[in-house]
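Please keep the sequence and the 3D view at hand while reading.

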Protein chains: 2
Amino acid sequence: MIMGAGLVGSLLSAYLKKHGYDVTIYERRPDMRVDRISAGRSINLALSDRGWRGLEGVGLADAVRKVAIPMHGRMIHNLDGSLTFQPYGKEGQAIYSVSRGGLNCVMMDEAERLGAKIEFNQKCKNIDFNNNSVVLENNDGKEVTVTADLIFGADGAFSAVRHDMMFTDRFNYSQQYLEHGYKELSIKPNSDSTHKLEKNALHIWPRGGYMLIALPNLDGSFTCTLFFPFKGSPSFEELDSPAKVTAFFKEVFPDALELMPHLEEEYFENPTSSLVIVRCYPWTINNSIMLIGDAAHAIVPFYGQGMNAGFEDCVDLEKLMVKHDNNWDEIMPEYQNIRKPAGDAIADLAVMNFYEMRDLVGHPEFLLRKKIEGMFYEKHPNKWIPLYSMVTFSDIPYHNALAEGQKQDKIMKQVMSMPGIEEKWDSKEVEDLILQMLS
Amino acid sequence: MIMGAGLVGSLLSAYLKKHGYDVTIYERRPDMRVDRISAGRSINLALSDRGWRGLEGVGLADAVRKVAIPMHGRMIHNLDGSLTFQPYGKEGQAIYSVSRGGLNCVMMDEAERLGAKIEFNQKCKNIDFNNNSVVLENNDGKEVTVTADLIFGADGAFSAVRHDMMFTDRFNYSQQYLEHGYKELSIKPNSDSTHKLEKNALHIWPRGGYMLIALPNLDGSFTCTLFFPFKGSPSFEELDSPAKVTAFFKEVFPDALELMPHLEEEYFENPTSSLVIVRCYPWTINNSIMLIGDAAHAIVPFYGQGMNAGFEDCVDLEKLMVKHDNNWDEIMPEYQNIRKPAGDAIADLAVMNFYEMRDLVGHPEFLLRKKIEGMFYEKHPNKWIPLYSMVTFSDIPYHNALAEGQKQDKIMKQVMSMPGIEEKWDSKEVEDLILQMLS
């Protein structure tokens with residue numbers, strides 16, 4: 001059985017059905033395809049290569065591609081109103097803006113089409129790890145106990161399955177909150193349903209200690225997210241009146257403000273949400289119960305990899321099911337062994353990308369560094385894959401990408417300290433230095 | 001109200017009574033003074049200066065001194081049977097072996113004498129942080145709700161109060177287990193109730209990846225603790241038969257084995273316990289609920305500071321009660337502000353001391369370093385207090401001690417790398433180098 005019919009739970013059910021398992025998913029919420037509810041989380045997500053591979057494995061990629069908007073790069077909105085476009089990768093490479101709710105509905109449909117059962121309004125009350133049984137409570141407070149050979153906790157960052165694992169002996173666990181929170185806002189479409197900003201880009205207003213971003217939606221709107229400190233100056237705490245909010249946006253996001261006539265209402269209607277990083281280990285118990293996706297490794301959203309990492313969990317799990325011929329005594333230990341370092345690495349990378357996005361993305365030095373890396377990558381595509389590309393456009397394990405990125409970082413620090421680097425950035429001398437340091 | 005009538009809860013109640021508060025303690029366990037139960041944890045503890053100050057503040061030190069056994073240093077049991085004695089500090093300085101249960105009984109008596117009420121068999125089911133109320137369940141499953149202006153979570157490493165705080169927004173939390181566990185064993189007294197080993201020492205059998213220690217009890221026995229890996233070789237997992245246990249002890253703890261004729265029974269009767277480090281923040285909610293002692297900062301036992309740190313929490317809290325004239329809106333923020341870095345530092349120091357005790361304590365280089373530090377400390381007592389002394393025999397905040405210790409570490413690395421240091425360790429040259437590096 002699977003706890004949680006979110007993105008990872010639904011995808012996992014499809015993989016398990018593909019391999020002939022009986023699958024029932026228990027979901028705490030009502031069916032979002034019937035009652036139009038928000039999933040309680042961000043409205044759109046960035047889907048990239050690891051996520052696509054997850055969808056391809058169960059034949060879902062084509063259907064999703066129809067409702068995904070490619071974003072070929074970052075569109076930086078400078079304070080003076082000027083724009084700078086930074087491609088994410090090579091020609092043709094993009095990350096894709098998709099609706100979380102829409103994607104989840106497609107995936108639940110597919111899970112059911114493949115024969116998985118989904119039971120909604122089922123809250124996981126308690127797990128008996130010795131008997132592989134779960135006590136579920138429905139909306140009327142009625143409890144039932146269900147058992148299964150395998151139990152998957154795909155129930156997200158605040159996983160009930162993981163909560164009960166916390167009380168098993170020697171379970172390592174940490175939940176760590178950022179000082180920043182986020183609030184969703186929006187830019188409405190033009191009256192002809194076209195986008196008010198460049199559609200095929202992820203828009204960023206980097207401002208040092210905080211930032212605003214915007215991702216395109218199919219209806220012509222953008223979902224904007226303000227990542228902002230909870231306390232201090234400026235902060236959510238400080239912006240406590242409509243007038244203060246507008247004045248602040250006028251000062252720091254003037255071009256965005258012009259497109260957001262509903263800012264004041266939205267700002268005070270929408271919740272301020274927190275950002276948590278969850279790490280734990282082990283991810284499996286008795287080789288019959290396992291955590292997957294956010295339940296095992298909740299990360300912050302700044303690399304756009306949360307869903308992608310969870311889908312890759314499913315892809316790697318399927319490989320192990322094949323490799324070990326469905327022997328879960330071999331699958332589970334190897335699963336946590338290979339996925340735990342990946343989960344830890346993407347957690348670190350996501351925090352690092354927050355600093356990059358809000359602090360560096362607007363700096364001339366950062367842009368120069370990106371240009372040099374791009375130049376070298378083009379000349380020596382086998383010797384240098386930029387970190388962003390390794391994470392977003394490859395299946396290199398996250399931890400290998402992180403290690404490689406740290407090596408690159410060292411090299412680029414040396415390169416950037418070369419006298420006159422601004423002029424000679426594309427010279428043979430720079431190229432040779434990098435080659436030498438790589439070898 | 002205070003949750004938990006353990007060492008810190010009992011002491012805290014005495015401090016609160018001293019300042020005129022109404023105090024009720026709710027304790028999950030039965031009254032250990034009536035039913036002779038084990039507190040579920042280690043049998044004896046090392047009391048040092050911070051702990052004594054805590055007892056002195058409520059006039060309990062003299063009573064405890066009568067049942068405490070001074071340990072003036074470490075007695076190292078080498079593999080060849082030879083012994084090395086390392087004093088802990090200066091002449092007259094010692095840490096004290098006390099019985100956890102005995103101490104707890106004395107403190108509960110004192111708490112009640114001062115007018116605190118203790119309700120036993122009361123399990124904390126759930127806390128309402130908005131109404132300062134706690135749902136308690138007694139042994140018969142009957143629930144009552146109690147409220148109080150102030151709620152103190154002094155309920156230990158697996159605190160129920162802290163557990164509920166985990167679900168308040170942005171509560172940072174981590175629980176991290178060591179790869180090592182521990183098992184308690186014993187050395188019985190001689191027939192005339194005298195001790196079979198030197199009474200006024202903490203005995204250590206350091207063996208690299210693991211160690212055995214022994215602390216004296218009043219009845220002539222020693223409580224021994226084997227700190228040992230759970231898995232690998234050697235490990236608890238590996239020693240799975242009486243014959244293997246005896247063979248292993250014969251090989252690595254031969255002199256201890258001679259004194260432990262009951263080893264095989266004890267080894268398999270006594271549980272193998274795990275070692276956890278808990279960190280969290282904030283420690284207070286709404287300036288009316290706070291964590292104290294292990295509930296706020298559970299640490300590993302290798303510095304003998306767990307109880308001492310909790311008692312120091314109480315001492316610092318009393319200072320703030322006086323400073324802020326019982327205004328808890330000022331006391332609570334400052335309490336967590338000053339105690340959190342102390343708690344983090346002693347957590348780190350305790351892990352570091354594990355490595356020192358099991359790895360270094362038997363090495364000639366370690367002994368030489370201790371000699372040099374001792375030499376310098378004697379000549380310049382104002383310039384160099386050994387880290388162990390700062391932690392154990394002073395009230396220097398733990399985090400300042402840790403920082404100072406790291407500085408000393410750097411200096412001693414340099415000193416130990418001097419050519420011929422073995423011969424000239426007490427020379428003017430060495431003294432001058434240290435003086436120069438300190439300035």
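## Where the two chains pair

Ser174(A) stands opposite Ser174(B), which belongs to strand S13 of chain B. The two strands involved, S13(A) and S13(B) (residues 172-187), pair in the antiparallel sense over 3 bridges; two strands are said to pair if DSSP finds at least two bridges between them. Strands here (E, at least two residues) are DSSP runs, numbered from the N terminus.

This is a predicted model, in which local features need pLDDT of at least 70 and side-chain atom pairs count only at pLDDT 80 or more, while totals for chains, interfaces and linings use all residues. Residues are numbered from 1 along each chain as its sequence is written, chains are lettered from A and ligands numbered from 1 in the order in which they are written, and side-chain values use heavy atoms, with hydrogens and water left out.

## The interface

Chain A and chain B each bring 17 residues to the contact, where contact means heavy atoms within 4.5 Å. The size of an interface is often given as the accessible area lost when the parts come together. Between them, chain A and chain B bury about 1500 Å², with 46% of it on carbon and sulfur atoms; this buried area is the accessible area (1.4 Å probe) that two parts lose on being put together, summed over both. Arg170(A), Gln175(A) and Tyr177(A) supply 41% of the area that chain A buries against chain B, which is more than any other three residues.

The rule finds 11 residue pairs in polar contact across the interface of chain A and chain B, both residues being at pLDDT 80 or more. A polar contact is a pair of N or O atoms within 3.5 Å; within protein, one must be able to donate a hydrogen and the other to accept it, and residues adjacent in sequence count only if both atoms are side-chain atoms. On the side of chain A that touches chain B, strand S13 of chain A gives the most, with 8 residues.

## How the copies are related

Two copies of a chain are related by a rotation about an axis and a shift along it. Chain A can be laid on chain B with an RMSD of 0.0 Å by a turn of 180° and a shift of 0.1 Å along the axis, the superposition being by least squares on the C-alpha atoms of residues with pLDDT of at least 70 in both. The two copies are thus related as by a two-fold rotation axis. In chain A, the C-alpha nearest the axis belongs to Ser174(A), at 2.0 Å from it. The same surface serves both copies, since 100% of the contact residues of chain A recur in chain B.

## A sheet and a hairpin

In chain A, an open sheet of 6 strands has the order S8-S2-S1-S12-S19-S18, with mixed pairing. Strand S8 (117-119) and strand S18 (284-285) of chain A stand at the edges with a single partner strand each, so one side of each is left without a neighbour in the sheet. Within chain A, strand S1 (residues 2-3) and strand S2 (residues 24-26) pair in the parallel sense over 2 bridges, and Met3(A) has Tyr26(A) as its bridge partner in S2(A).

In chain B, strand S9 (residues 123-128) and strand S10 (residues 133-137) run antiparallel and are joined by 5 bridges. S9(B) and S10(B) form a hairpin with 4 residues between them, and Asn132(B) in the turn has a positive phi of about 50°.

## Backbone details

Most residues other than glycine have a negative phi, and most peptide bonds are trans. The peptide bond from Tyr281(A) to Pro282(A), however, is cis, with omega near 0°, and Pro282(A) lies in the loop between strand S17 (273-281) and S18 of chain A. Asn286(B) is not a glycine, although it has a positive phi of about 55°.
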